[in-house]
Amino acid sequence: MITYFIYNKRIALCFQLTRSVTWQALDRLRDKTANDRIRDYFTNDPQRFEKMSLRVGGLFLDYSKHHVSDDVLTKLIELADHSALVQRRAQMFSGDIINVTENRPVLHTALRHLGDEPVYVDGEDVMPEITRTREQIKLFSEAVRSGEWKGYSGKRIKDVVNIGIGGSDLGPNMAVRALLKYRHPELHFHFVSNVDGTHIQKVLSRLDPATTLFIVSTKTFSTQETLLNAKTARRWFLENAGEDADVGAHFIAASTNRKAAMEFGIREENVFEFWAWVGGRYSMYSLSACRLRFQ
Ligand SMILES: O=P(O)(O)OC[C@H]1O[C@H](O)[C@H](O)[C@@H](O)[C@@H]1O
């Protein structure tokens with residue numbers, strides 16, 4: 001049974017989708033069409049591909065090759081209408097609390113929003129801070145890429161090491177690997193997540209501290225594994241290169257905990273912000289993806 005909630009003014013309305021008349025009709029249609037051949041759908045309807053494909057937002061979607069008859073499609077659309085999909089989508093865009101387990105909005109859409117319209121969370125337009133952070137990431141990453149950003153001894157950055165774990169490691173790691181082909185020819189990327197010291201030692205042994213930039217990636221700045229690795233990296237930097245005052249030229253943070261990051265030695269303007277209204281650590285459009293800009 002599929003049960004879901006619609007949150008409206010913080011009142012949860014519980015729907016049992018699988019008990020709806022439309023769902024049951026779809027269930028019967030599934031049995032009726034189980035032996036249909038997709039090839040016959042095309043023979044009987046030469047317009048099927050045009051009807052069941054679309055281009056939107058740079059994506060091409062082709063669902064004509066799925067086991068979906070016209071009747072099934074009609075019922076699926078009815079099901080979406082009956083289950084208040086449009087209303088739920090509007091709730092998502094307007095910052096309503098639809099993440100019911102964590103009691104917060106799901107505003108990845110605000111991070112992707114490039115228009116001028118405001119997006120409100122608790123009555124406050126969050127777009128200005130998103131725009132400011134985007135700009136901050138852009139300026140910083142461009143300075144690293146162009147070589148304008150210098151390490152403590154005046155050399156440009158050649159290696160970027162992300163130190164994080166869980167959501168602060170896996171998402172950015174996947175995205176950087178996927179887009180490696182487009183990376184800056186003079187920049188190399190490394191990810192350290194393992195609490196076993198051999199991982200960071202192995203990475204550091206190949207690097208020059210004067211040309212390495214560390215991203216301490218931790219939403220809370222309190223995760224033991226990440227802090228241990230970050231402290232190891234800072235010690236390595238201090239033993240082999242600069243002094244305490246130089247840490248800010250080689251360490252930045254992706255975190256909500258500005259205070260802890262600054263106590264670590266990171267400059268305030270190089271603590272890139274997360275927001276509570278996006279759950280988890282990673283969204284392609286959040287600052288977590290800022291490693292991509294370095295590429
Ligand atoms: O970003 P942080 O606060 O350092 O948390 C990083 C990770 O910590 C733990 O491993 C949690 O189980 C993960 O869900 C989280 O992604």
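Ring pairs tie Tyr152, Phe214, Phe221, Trp236, Phe237, Phe251 and Phe264 into a cluster. The model is predicted. Its 295 residues include 43% that are buried. The fold holds 12 helices and 11 strands.

**Aromatic rings**

- The pair count for aromatic rings comes to 10.
- One of these pairs is Phe140 with Trp149: the ring centres lie 4.6 Å apart and the planes meet at 65°, so the pair is edge-to-face.
- Phe140 is buried, at 6% relative accessible area.
- Trp149 is buried as well, with a value of 14%.
- Phe221, a member of the ring cluster, is found in the loop between strand E9 (212–217) and H10.
- The phi of Phe221 is near 55°, a positive value in a residue that is not glycine.
- Phe221 has a relative accessible area of 6%, which is under 20%, so Phe221 counts as buried.

**Charges over rings**

- Arg234 places its charged end over the ring of Phe264, 4.3 Å from the ring centre.
- Phe264 also belongs to the ring cluster.
- Arg48 lies over the face of Phe42, at 5.6 Å from the centre of the ring.

**Salt bridges**

- Side chains of opposite charge can pair when their charged atoms come close.
- The whole structure contains 12 salt bridges.
- Arg30 and Asp27 form one of them, at 3.0 Å from N to O.
- Both residues, Arg30 and Asp27, lie in helix H1 (residues 21–33), 3 residues apart, or about one turn of the helix.
- Asp27 is partly exposed, at 31% relative accessibility.
- The Arg30 and Asp27 bridge is part of a network that links Asp27, Arg30 and Asp31.
- Lys75 and Glu78 meet in another bridge, with an N to O distance of 3.1 Å.
- Lys75 and Glu78 are separated by about one helical turn because they sit 3 residues apart in helix H4 (residues 70–82).
- Lys75 is partly exposed at 24% relative accessibility, and Glu78 is partly exposed at 28%.
- Glu102 and Arg104 are joined at 2.9 Å, N to O.

**Nonpolar surface patch**

- Leu54, Val56, Leu59 and Leu61 make a nonpolar surface patch of about 330 Å².
- The elements that give two or more residues to this patch are strand E3 (53–56) and strand E4 (59–62).
- Val56 lies in strand E3.

**Two loop positions**

- Ala84 is found in the loop between H4 and helix H5 (85–93).
- Ala84 has a positive phi of about 60°, although it is not a glycine.
- Ala84 is buried, at 14% relative accessibility.
- Ala249 lies in the loop between helix H10 (224–240) and strand E10 (251–254).
- Is Ala249 buried or exposed? Ala249 is buried, with a relative accessibility of 6%.
- What does Ala249 touch, leaving aside its neighbours within four places in sequence? Ala249 is in contact with Trp149, Lys150, Gly151, Tyr152, Leu213 and Arg267.
- Among these contacts of Ala249 are Trp149 and Tyr152. Trp149 pairs with Phe140, and Tyr152 is a member of the ring cluster.
- Ala249 and Tyr120 are 129 residues apart in sequence, and their C-alpha atoms are 35 Å apart in space.

**Whole protein**

- Of the contacts between residues at least 6 apart in sequence, 61% join residues at least 24 apart.
- The accessible surface comes to about 16600 Å².
- Carbon and sulfur atoms account for 54% of that surface.

Note on methods:
Residues numbered from 1 in each chain as written. Predicted model: local features only at pLDDT ≥ 70, side-chain atom pairs only at ≥ 80, totals over all residues. Heavy atoms only, no water. Patch = residues over 30% accessible without salt bridge, like charges linked within 9 Å, V, L, I, M, F, W, Y side chains within 5 Å. Areas by Shrake-Rupley, 256 points an atom, 1.4 Å probe, with all protein chains shown as cover. Salt bridge = Lys/Arg side-chain N within 4 Å of Asp/Glu carboxyl O. Helix = DSSP H or I, 4+ residues; strand = E, 2+ residues; numbered from the N terminus. Phe/Tyr/Trp six-rings, centres within 6.5 Å; stacked < 30°, edge-to-face > 60°. Buried < 20%, exposed > 50% of the residue type's maximum accessible area, 1.4 Å probe, protein only. Lys NZ or Arg CZ within 6 Å of the ring centre and 35° of its normal. Contact = heavy atoms within 4.5 Å.
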